[in-house]
Amino acid sequence: MTPIRTASALLLLAAAIAGCGGGEGREAAPAAAPDTPAGTPPPLLAQPEPAQELSEEITTPSDGVIVVTIGAGAFNENHLEIPLGEPVTIRVINGDDTVHDLRIAGFDGQWMTQDDAVTQPEAIRGGESGEVVFSPLLPGAYTFRCDFHAASMGGRITVE
Ligand SMILES: [Cu+2]
């Protein structure tokens, strides 16, 4: 960063802090679009296209768990369907010898944002497994991907 850019960044920061002065009593920004009637859940924001062709077979949870296996650089189960209102554990079994993960874009349809859900561990080594608990509050079709192979590994979770 050049010194000039640093200075302007600091000015912006100072302005932001000044703007927040006396923050008590300040109303929290609405989480939904302002024109959404009270009590109506906002629609799921636009999701990215899954990077991988969706499997014709739909995979549903069994006792709250969905198993997704990975082989040959692809999700074998990538067309998932879960009921709304029940947390589901997605268990990812990495049958490859390379690192993978599973990240769900979340409500905002954006990658690497706070509402993402991602496996623990975030880097699942070959032959190992990871899990992510997904408990969406809104129905819709959520997109997931593998962060390590974002251009070729992905899928969809339909929540209804
Ligand atoms: Cu991968």
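How many nonpolar, polar and charged residues are there in the lining of the largest pocket?

1. The lining of the largest pocket holds seven nonpolar, two polar and one charged residues, where Ala, Val, Leu, Ile, Met, Phe, Trp, Tyr, Cys and Pro count as nonpolar, Asp, Glu, Lys and Arg as charged, and the others, Gly among them, as polar. The residues that line this pocket are Gly106, Phe107, Asp115, Ala117, Phe134, Ser135, Pro136, Leu137, Leu138 and Tyr142, and its volume is about 170 Å³. A pocket here is an open set of points on a 1 Å grid over the protein atoms alone, where a 1.4 Å probe fits, with protein on both sides within 12 Å along at least five of seven lines, and lining residues have an atom within 4 Å of a point. The volume is the space filled by probe spheres set on the points, which are joined across faces, edges and corners.

2. The model is predicted, and local features need pLDDT of at least 70, side-chain atom pairs count only at pLDDT 80 or more, while totals for chains, interfaces and linings use all residues. Residues are numbered from 1 along each chain as its sequence is written, and side-chain values use heavy atoms, with hydrogens and water left out.

3. The protein chain contains one helix and nine strands, which follow one another from the N terminus as α-β-β-β-β-β-β-β-β-β; helices (H or I, at least four residues) and strands (E, at least two) are DSSP runs. Of its 160 residues, 30% are buried, that is, under 20% relative accessible area with a 1.4 Å probe and protein chains only, whereas exposed means over 50% and partly exposed lies in between. Among contacts (heavy atoms within 4.5 Å) with a separation of 6 or more, 62% join residues 24 or more positions apart.

4. β1 and β4 (residues 88–94) pair in the parallel sense over six bridges, with Val67 opposite Arg91 and Val68 opposite Val92. β4 is also joined to β7 by six bridges, here antiparallel, and Thr89 stands opposite Val133 in β7. Five of the seven residues of β4 are buried.

5. A further open sheet has five strands in the order β3-β9-β8-β5-β6, again with mixed pairing. Its edges are β3 (79–82) and β6 (117–118), each with a single partner strand, so one side of each has no neighbour in the sheet. β5 (residues 103–104) and β6 pair in the antiparallel sense over two bridges, and Arg103 stands opposite Val118 in β6.

6. Finally, a residue outside the sheets: Glu57 is found in the loop between α1 (3–20) and β1 (65–71), and it counts as exposed because its relative accessibility is 62%. Glu57 and Asn78 are 21 residues apart in sequence, and their C-alpha atoms are 8.8 Å apart in space.

Key:
Pairing = 2+ DSSP bridges.
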